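I begin with the contact between the chains and then turn to the annotated positions.

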Protein chains: 6
Amino acid sequence: MVKAVFPGSFDPLTFGHLDVISRSALLFDQVIVAVGINTSKTAMFTTEEKITLISNNTKNLKNVSVLPMPDLTFKFVSSVGADVIVRGIRNVRDYEYERDIAEINHRLGNVDTVLLPSKAVYQDISSSNLKEVAKFGADISHFVPENVIKLIKLKTK
Amino acid sequence: MVKAVFPGSFDPLTFGHLDVISRSALLFDQVIVAVGINTSKTAMFTTEEKITLISNNTKNLKNVSVLPMPDLTFKFVSSVGADVIVRGIRNVRDYEYERDIAEINHRLGNVDTVLLPSKAVYQDISSSNLKEVAKFGADISHFVPENVIKLIKLKTK
Amino acid sequence: MVKAVFPGSFDPLTFGHLDVISRSALLFDQVIVAVGINTSKTAMFTTEEKITLISNNTKNLKNVSVLPMPDLTFKFVSSVGADVIVRGIRNVRDYEYERDIAEINHRLGNVDTVLLPSKAVYQDISSSNLKEVAKFGADISHFVPENVIKLIKLKTK
Amino acid sequence: MVKAVFPGSFDPLTFGHLDVISRSALLFDQVIVAVGINTSKTAMFTTEEKITLISNNTKNLKNVSVLPMPDLTFKFVSSVGADVIVRGIRNVRDYEYERDIAEINHRLGNVDTVLLPSKAVYQDISSSNLKEVAKFGADISHFVPENVIKLIKLKTK
Amino acid sequence: MVKAVFPGSFDPLTFGHLDVISRSALLFDQVIVAVGINTSKTAMFTTEEKITLISNNTKNLKNVSVLPMPDLTFKFVSSVGADVIVRGIRNVRDYEYERDIAEINHRLGNVDTVLLPSKAVYQDISSSNLKEVAKFGADISHFVPENVIKLIKLKTK
Amino acid sequence: MVKAVFPGSFDPLTFGHLDVISRSALLFDQVIVAVGINTSKTAMFTTEEKITLISNNTKNLKNVSVLPMPDLTFKFVSSVGADVIVRGIRNVRDYEYERDIAEINHRLGNVDTVLLPSKAVYQDISSSNLKEVAKFGADISHFVPENVIKLIKLKTK
């Protein structure tokens, strides 16, 4: 039984995230989407909103659950008895960032990390790109699912 | 039950490869190390020698087996009923190469790829680096296990 | 007749920008320098100051005009009936950023992007580098034209 | 009137190349696809075969022509009175290579280069990837048009 | 006699910095660790605290001294009669940043820069990573020496 | 007294190499340019020709000497009692290659490596670029000094 944790800020949930979640659900027995309380950047969504959005978009994936992550990833992984961290990478910048975080999590928590290369079709999705597009009221349907669009529109009125 | 395939030329097997194999063995129910018959580059070891070296160095990993891979990876994956391809990445160059191969394998064989970021201690291991060091008779014990060293010495006498 | 838009924050105009503008002016029938109202970063110059600086430094280029860009690039491109977006790239970081923005602009506005590789002599010019140098009163004449130097000195007195 | 040259080895022509050609045809008055006689690598196709394949796949583009390029790019550009070189880039490796070639062509031939970022869907297309897939008889229809597939099959029988 | 300056914000001093300092001390007759008054980012440590921490951790290196750097690096280098700037690089992002800063320092101050590639074991050390780990009270002994740990604990109580 | 070794294949000597040599000569008491007998690639120049070309172009640098390097770099460094290896880097590809070689030389020979970032003006110089330009008889005076041009012309007649 292999339990994976997919940590992130999910501010907001995107199709890129959903692709990593659905792919992980096929590879591991259990997948916990861990919503980090992002300390440095001001978040657009509350942790509760994020959890609701992720849950509603993963109902079909029976082995996927969503939890808030109030601590460092490796501590959370140990607290839920998980075996591996999963992250997606879209470009060189992501790769170099995840390389170091994987080394730190292995050293501090003796937990491994697998990286899922983004599908080409999702590689341009980033929360900063989509928030800029949303701010000007343009079409973000390539970036995020319907219920996220609705909530963004409410927040950017 | 998740079966993974770790394809490569393994010319020769290195500690970097062994790290990917042992990590994969913890993440997936079965791991098949698939020794590709590398078409373009002249190999230093025969396919049989490679398979023997890998088998002898993974005896402790009960869920790991080694097979020759005479075909494209996605065809081999389908032929052995595997679910995912595993590859290791040491730097940006590896990442960009694996990104495209993952996209091709997904399109042609509908099979996913997970990338294991190399541990920092193994990132400088490459078959070209180690062959250059070996050619001048220097110490390659950081790069490869003992039985590989012996066979390299025989071949570079 | 091919009309190009060169969008940016131009905070301030640099020789790197002017190189992209003059090169574009040779390649396209019309070039509109579109001064974005940069939402996230606090700008050093007002939009009006930027437009004046760009206009005064491109008087010799008859097919170049300057406009404020209050909206997303692809919407602006459509509003002025332009055919292509032009951007300069100085390094890998720029390339990866522009790659995704080009994909988004093509998907949302069906408009193409051409990238002009920076000349080596200009690749170290960035608004953050030059503002740091200017703040300490050092020579910024490699970075920006004379009238920009004057205005920066006024602002950093 | 702006005339562009798109130089390459086109061994063989791919959908990535065709995307660059059709995009260039919209941006410049004339586009010459210049088939380089690639000195270092052994080519799979003759120059004549390449020219025929490119011509047959660009019949709909009235402002596109195809010529053999027996010399360095900047000399060819000057010999046909062209104004700019167009190249496609798929990743960081391509970017860094093209950056230097653009600098050399500008210094030696005073000719500029524009880079077209590959669309995400084509970024995994490379002649080495597609030749490897073709060699094993797998589906290369994502990589190359029909007439190229036919010729490859003849050559790899 | 060759005098080197190792400039940085040292917020805080890390084992990566200490590795660069000790390596520089072997290569150059004198090494001045120049503590920059970092203008843009809010610092966790005062300049005095930084200087004390660096001094206490380099007592064994007789040719190393520590000074505050209130100005641009190239001006400081000239003011102390130094000959070269030393910087460490951990990844591609660092390399591209240092490449441009080296070009600017050479142009403005006619001073050269040498880059020390980080040892693999230290490449994941960054002030942002360690501050995030420290904030959650986890073990930062891989990142920083003992006296820095103590001061961080005081500051993050 | 600090003795540096600048190893390379120098096939042929370029202005990029000469820039690294002259900069090293200012930083270290002695600089040995070590001409490697490049095992994998077919060299255009003999080792003797290379040594003559380098010597003739560094006569003004009293602390620079040139030696053939028949062995691995770290063994050569030890054999001449040197303290550090110097290498130049022009781009990301160079950086990632040198990062690993520096780690190997440090592990096998306990010798450090300093990297000199190429000046922007020289970053496009590579032996493959210049040989391609030379083969077609174009101007290579930006790449290599006069005596190298003469010898190349002789060899490519």
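1. Across the interface of chain B and chain A, two salt bridges are found by the rule applied, and this is in a model that is predicted. In one of these salt bridges the side chain of Asp112(A) meets that of Arg23(B), at 2.7 Å from N to O. Polar contacts join nine residue pairs between chain B and chain A, counting pairs in which both residues are at pLDDT 80 or more.

2. On the side of chain B that touches chain A, the elements giving two or more residues are helix 1 (15-27), strand 4 (84-89), helix 4 (92-109) and strand 5 (112-117) of chain B. Helix 4 of chain B gives the largest share of that side, with seven residues. Sorted by class, the side of chain B that touches chain A holds 14 nonpolar, five polar and seven charged residues.

3. How is the size of an interface often given? It is often given as the accessible area lost when the parts come together. For chain B and chain A the buried area is about 2100 Å², and carbon and sulfur atoms give 62% of it. Leu27(B), Tyr95(B) and Pro117(B) supply 27% of the area that chain B buries against chain A, which is more than any other three residues supply. The contact draws 26 residues from chain A and 26 residues from chain B.

4. Turning to annotation, the UniProt record lists Ser9(A), Lys41(A), Thr73(A) and Arg87(A) under "binding site"; such annotations may be inferred rather than shown by experiment. Two of these positions are taken up below.

5. Thr73(A) lies in helix 3 of chain A, which spans residues 73-79. Is Thr73(A) buried or exposed? Thr73(A) counts as buried because its relative accessible area is 15%, and the cut-off for buried is under 20%. Leaving aside residues up to four places away in sequence, Thr73(A) touches Pro7(A), Ile85(A) and Asn105(A).

6. Arg87(A) belongs to strand 4 of chain A, residues 84-89, and at 21% relative accessibility Arg87(A) is classed as partly exposed. With residues up to four places away in sequence again left out, Arg87(A) touches Phe6(A), Pro7(A), Gly8(A), Tyr97(A), Glu98(A), Val114(A), Leu115(A) and Leu116(A). With Glu98(A) there is also a polar contact, in which the side chains of Arg87(A) and Glu98(A) come to 2.7 Å.

Key: Residues are numbered from 1 along each chain as its sequence is written. Chains are lettered from A and ligands numbered from 1 in the order in which they are written. This is a predicted model: local features need pLDDT of at least 70, side-chain atom pairs count only at pLDDT 80 or more; totals for chains, interfaces and linings use all residues. Side-chain values use heavy atoms; hydrogens and water are left out. Helices (H or I, at least four residues) and strands (E, at least two) are DSSP runs, numbered from the N terminus. Buried means under 20% relative accessible area, exposed over 50%, partly exposed in between (1.4 Å probe, protein chains only). Contact means heavy atoms within 4.5 Å. A polar contact is a pair of N or O atoms within 3.5 Å; within protein, one must be able to donate a hydrogen and the other to accept it, and residues adjacent in sequence count only if both atoms are side-chain atoms. Buried area is the accessible area (1.4 Å probe) that two parts lose on being put together, summed over both. A salt bridge is a side-chain nitrogen of Lys or Arg within 4 Å of a carboxyl oxygen of Asp or Glu. Ala, Val, Leu, Ile, Met, Phe, Trp, Tyr, Cys and Pro count as nonpolar, Asp, Glu, Lys and Arg as charged, and the others, Gly among them, as polar.
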